[in-house]
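Colleague: I'd like to learn how to read a sheet and a loop in a model like this one. Could you walk me through it?

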Amino acid sequence: MALRIAALILKNELTPNVTQQLRQMRTSSVARSQFLKHSPNTALDKSILQRYRNLETPPNRVQATYLWIDGTGENIRLKDRVLDKVPSSIEDLPDWQYDGSSTYQAHGENSDTTLKPRAIYRDPFKPGQKDIIVMCDTYNADGKATPSNKRADFQAAVQKIADEEPWFGIEQEYTLLDVNGRPFGWPNNGFPAPQGPYYCAVGADRVYARDLVEAHAIACLYAGIDFAGTNAEVMPAQWEYQVGPSNGLKASDDLWVSRYILQRIAEEYGVVVTFDPKPMEGQWNGAGAHTNFSTKAMRAEGGIKVIENAIEKLSKKHERHIKAYDPKEGKDNERRLVGRLETSSIDKFSWGVANRAVSVRIPRGVATAGKGYFEDRRPSSNCDPYAVCNALVRTCILNE
Ligand SMILES: *[C@@H]1O[C@H](CO)[C@@H](O)[C@H](O)[C@H]1NC(C)=O
């Protein structure tokens, strides 16, 4: 059967019926090699690396992967260096330079850009070793934060309000694509059946690439991320995971490192991750980064008053938040926040209890308990969480 279908594909004679059969047998290797536009990565024999993994390296040598956000404000870059001692804290890690002109962050004549280490994680790609991932932020030659470094300003805000103990929980939605740009598991010609059966589903006809999702969860936990859970989303090939709740900068650092880990694992599988907030036009859900937010006062008895007060402030700063909630200052979210498909309209601030078609939602349990947190549903899946959390803190706590 696989060979017959393969032959039809080669002759470009696919009928809808065959496409149907095809979908059901995607996992057979012949079908796979004929129908996925393969990533070159999947042709490599992954077991060879294992022969080198267990070689003994000098005890004082540590490999560190420095991560940073490039000039797009949404893509991760990384490079590795070998340290000559095991760091006991972030202060032990040296700054490092890179060529900012190759990452949309500097011009050629003055392109040395500086990485400052900010957070350390265990490296799940070198398991059992002392190797680490280092989340960095970036500085121009004049010592100023680069425009895409939103962390520096967030850190300044967090330092002013440490007593408020802000907590953030962020849901990251994303879509898996084939290297040809089609959502992973979707028929090459045509579409899957309409949305309905896929959310939190099980079964080969509904859910694609669960292995990847599970590998990601384990790797994030190993790394030290406050990883909270995962589920299949409403559109097939779309998934979600959550980080937090954690205080201050941790949730945002965690989210960036978890995105890196996700893309790294997907790279091994030859699958592409997109954080685009609306990867498919039409009646397909977009992808967001719903953000739960609370302060000590909101979590205390009678906190609902503080929550309502914060929502009142947010209602007056809608534009500022829309600008901070995607890397194109609202342009990406324009495609997603259409007032349908579980979203609110981008032009108007709205809120409600247990309502998903609003900008800000108070969960039912919070309304009942009279304390807790609220959920800002506006951030786009490709948002910079530093910018999102910063805007929340500055509007709701610092009254800016
Ligand atoms: C945010 O709160 C909702 C409940 O209102 C919960 O389902 C979700 O998991 C929370 N997300 C995070 C990231 O904490």
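This is a predicted model: local features need pLDDT of at least 70, side-chain atom pairs count only at pLDDT 80 or more; totals for chains, interfaces and linings use all residues.

Colleague: Then where does Asp123 lie?

Modeller: Asp123 sits in the loop that links strand 4 to strand 5 (132-139).

Colleague: And what is the order of the strands in the sheet?

Modeller: Two strands pair if DSSP finds at least two bridges between them. In this model, five strands make an open sheet, ordered 2-1-5-4-3, with mixed pairing. Strand 2 (76-83) and strand 3 (96-99) are at the edges with a single partner strand each, so one side of each has no neighbour in the sheet. On average, neighbouring strands are turned by 40° against each other, direction ignored.

Colleague: How many bridges join strand 3 to strand 4?

Modeller: Four bridges do, and the two strands run antiparallel, with strand 4 spanning residues 112-122. Within strand 4, Leu115 stands opposite Trp96.

Colleague: What does the UniProt annotation say about residues 62-143?

Modeller: The unreviewed UniProt entry labels them "domain: GS beta-grasp". Over that stretch the chain is 48% strand and 0% helix, and its end C-alpha atoms are 28 Å apart.

Colleague: Which residues is Asp123 in contact with?

Modeller: Beyond neighbours within four places in sequence, Asp123 is in contact with Thr65, Asp131, Ile132, Ile133 and Tyr222.

Conventions: Residues are numbered from 1 along each chain as its sequence is written. Side-chain values use heavy atoms; hydrogens and water are left out. Axes are lines fitted to C-alpha atoms, for helices over the stretch in contact, and angles run from 0 to 180 degrees between N-to-C directions. UniProt positions are given in the numbering used here, feature names are shortened, and annotations may be inferred rather than shown by experiment. Contact means heavy atoms within 4.5 Å.
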